[in-house]
There are 2 protein chains.
Amino acid sequence: MLPGPTNVPERVMNAMLKPIINHRGSEFHALYSSIEENLKSVFQTKNDIFILTASGTGGVECAVSNLVNPGDKVIVPVFGVFSERISEKIRRRMGVPIEIVVPFGYAPRASEIEEVIDREPDVKAIFIVYNETSTGVTVRDLPEIGRIAKKRDLLLIVDAVSVLGGDVLPVDEWGIDVCITASQKCLACPPGLSILSVSQEALEKAAATKGRPIYFDFLKLKESADKKETPFTPAIPLLYALDEALKLIKEEGLEKRFERHKRCAEAFYSAFEALGLSIFPKEKLSRSNTVVAVNVPRGVDEHAVTKIMWEKYNVQIAGGMGKLKGKIFRIGNMGIISKKEVLATIHAFACAINEAGYAVDLKKGLETVEAVFQG
Amino acid sequence: MLPGPTNVPERVMNAMLKPIINHRGSEFHALYSSIEENLKSVFQTKNDIFILTASGTGGVECAVSNLVNPGDKVIVPVFGVFSERISEKIRRRMGVPIEIVVPFGYAPRASEIEEVIDREPDVKAIFIVYNETSTGVTVRDLPEIGRIAKKRDLLLIVDAVSVLGGDVLPVDEWGIDVCITASQKCLACPPGLSILSVSQEALEKAAATKGRPIYFDFLKLKESADKKETPFTPAIPLLYALDEALKLIKEEGLEKRFERHKRCAEAFYSAFEALGLSIFPKEKLSRSNTVVAVNVPRGVDEHAVTKIMWEKYNVQIAGGMGKLKGKIFRIGNMGIISKKEVLATIHAFACAINEAGYAVDLKKGLETVEAVFQG
C-alpha cells in the first residue's frame, strides 16, 4: 500500500516473461502500436506519446530539458517535495523558476497563477504537479489553469506521475501540452518506464531548445515513435507488462476505474477520521484520490507504527518525505485497490497504532469502511 | 544472435517475477548490496558503481553530462556509429570533441591519441568506445591508452556497453575512471539498465560540473549508493534479473567466461572464412570477441539473407548500421554462447545465403566450427 511502486496484478507480472525480441523488428512494432493506442485512450489525447526507459523523475527531467532554455521563466507552484524538485531541475538548466510557494497541505489556486502572469508577462510556461505524492494534495483548479495557459499562450506541463489512470485527467480537454506519468503508480505496472504526451506546440518549442540531451530528446523520440520504435534499446519486459496493464485498464473502463479509486479514497478518509486521526490536506476538495496523507497523532512514533504494520500484518505504508518526515502517514491508493485492501490496511493500521500505545477504535474504523462502500 | 538485446537464461527471466518491494526498505538494501558486490568483481574495480534505469546510451549521456563543461576539450576516437554518438553528445553539452577519425573497420591507436594530446595540451579527458558494436572492432591498445591518460593526468572514460563481461577489461588495472555498460549485452540480462563504475577523480570533476541533470547526477547517485539505494525508483524486476545474471557469471568465473566468448568468436571467424566470406575488421588483432562483423559478398542482398535466417531457421542476426547498412552482417557473440549456438548460426547462415543465390559450402563451415572447438 505504498504510494508507488504499487502492487502489480499477476497477469501483468507474467507478461514480462515473453521473449526478448529485436526492438527494430515487426513484432516490436506491433507491441509498440498496441501500447501507444491504449496510452492515448488513458491520457485522453491525440498528442504524441513517448515512452522512456526511466523513472518518473527521468520523465520530468526530459520535459524540462526539452522546453527550458537558459533564462526562460517558468511558473512552478511549490507545495511539496516533487514540485520542489521541478524547480531545482529548471535552475540546473539555467532557467528561472518563478515559484508560487504554497504551505504544504494546501493546493495552489488558478487565481494565484494568473496574478503571477500579470506580474511576469515574459513567462514561457507553467509547470505544475497535479497530485503531490509527498502531501496527498490534488490541484482541483487544473482545468482552470489550462484555460489560463491557453488564453495567455503559455505551455502547460503537468507532472501526473502519481495520478494518471487513477483520477480524472483528460489531457486534451484540459489543454495540457506535456503530461508526464510513470509505470509503477496508477497504471499498476512494475517501475522503470516513464510516459509523456507531447503537443505539437511543445515539439516546436523543443526544436528551438539548445543542448537537448540525446537520451531524452523529444525530436528523436518523435522520429522513432513515428516508426513505432524507441530511439534506444527499451526495457522490453516492462513494455510487455505495460501492454498487459493497459489491456486491464481497457477491460475495466476509465470511468469505472476513477470511481473505484475515489470510493476507496473516501473510505480511507472516513475511516481515519472515525479512528480519531486528522487528514493532512487542509481542504476537503484537495484531498487526493490516489495518495492518502494522514497526520501522525501527537506522541506517536510514525516509524514504530509502520514497522508493526509491515512485520506483523504484512501491510506496507509510507511515512512523510523531507520536512514532513515523522509527521504524516502516506498510503498509496492506486491500481489494485478495492474494499478488501482498504479493510486490510485500516485493520493493520488500527492494530499497530493501538500496539504502539495510541488507543483507537478498530471496530469503528472497519464499520466506517463498510458504510462508505454501502452508501 | 543479435548484437543486443541478447538471449537471457531462464533463471534470469524468472527472477523478474519476485515481488515488487519498497525501494527504500531493508530487503532492497540487501538486493542492492548483492548486485553491487558482484558488479565490482565483474568490473574488477574498487571504484563506486552506479546503476541507472536507462539504456546504454543513457549511461553514456550520464558520463558526458557529469564530466563535460562548456568549452572542455575531450579526445574522441571516431570509428563507428557509437563513437560518433559520443561526439554528438559532447557537442550538445557545449564541449569540444577533438575527434580522431579512423576509417570504419580499423581501431584507433594509442600513438594517435598521444600525438593529439601533444597538439592539444589543454585537453581534459579521453572518451573511447572499447568495442564498436557497429563495426565489430575492439581497441586492443586500451591498456596503453590507460597509461597515457594516467601520465598526462587525463580522465579516461570507456564505453564498454557491448563487451563488459564478455572480454578482458580490468577497470582499475587499466586506469579507467568511468566505465559504462548495459544489462542486455554480455551480462545476458533483459534491457533497461545501464551501469557505470566511477573513480574518485571523476566524482571530484563532476562536483565542479555545472548544470548536471538530476536524473543522471553522479553526486546524487553516490549519495544513494552509499545507502545501498538508487536516487529514484528503479526498475525492480530488472534488478532481480541482474542479480541472478551476476550470480551465473560468478558461478562460471570471469576467466572461463572470457575464454568461452573468445573460442566462440574464433569459431565464427574461421567458419565465415571457410565459407569464403571476408571479415569486416581489417586487422586480425582488432576483431571483437563479442560482435562478429562480416562483409556482405558482392551481389548479395543482406536483408534477404537475414530474413530467410529468421523466418526459416529461427536465427536472428543484424545488418550494418548507418553507412554500413547493407554492407555487413553482425552477430552478437554474447552471454549464452557455446558451440551449439555457433553451429546453429553458421548452419542457418550458410543455408540462407545459398538460398539467396550465393553458393557456400555448408559442410566446410560446420567442420571448421568443430575443428576450432577441438583445437
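Me: Which residue of chain A comes closest to the rotation axis?

Reply: In this predicted model, Ala54(A) comes closest of the residues of chain A, with its C-alpha at 2.8 Å from the rotation axis.

Me: And what rotation superposes chain A on chain B?

Reply: A rotation of 180 degrees does it, with 0.0 Å of shift along the axis and an RMSD of 0.0 Å, and that is the relation of a two-fold axis.

Me: Ok, and why do the copies meet through the same surface?

Reply: Because 98% of the interface residues of chain A are also interface residues in chain B.

Me: Switching to helices, how do H12(A) and H13(A) cross?

Reply: The axes of H12(A), residues 339-355, and H13(A), residues 362-374, come within 9 Å and cross at roughly 165 degrees, and the two helices are therefore roughly antiparallel to each other. The crossing in which H12(A) passes H13(A) is right-handed.

Me: Which residues meet there?

Reply: From H12(A) they include Leu343(A), Ile346(A) and Cys351(A), and from H13(A) they include Leu366(A), Val369(A) and Phe373(A). By class, this contact of H12(A) with H13(A) has nine nonpolar, two polar and one charged residues.

Me: What about H7(A) and H8(A), at what angle do they pack?

Reply: H7(A), residues 200-207, and H8(A), residues 218-226, pack at about 130 degrees with their axes 9 Å apart, which makes H7(A) oblique to H8(A). Leu203(A), Ala206(A) and Ala207(A) of H7(A) make the contact with Phe218(A), Leu219(A) and Lys222(A) of H8(A), and by class that contact has five nonpolar, no polar and one charged residues.

Definitions and conventions. Residues numbered from 1 in each chain as written. Chains lettered and ligands numbered in written order. Predicted model: local features only at pLDDT ≥ 70, side-chain atom pairs only at ≥ 80, totals over all residues. Axes fitted to C-alpha atoms, helices over the stretch in contact; angles between N-to-C directions. Helix = DSSP H or I, 4+ residues; strand = E, 2+ residues; numbered from the N terminus. Parallel < 35°, antiparallel > 145°, perpendicular 65-115°, else oblique. Left-handed = near helix turned anticlockwise from the far one by under 90°. Contact = placed C-beta atoms within 7 Å. Nonpolar A, V, L, I, M, F, W, Y, C, P; charged D, E, K, R; others polar. Least-squares fit on C-alpha atoms with pLDDT ≥ 70 in both.
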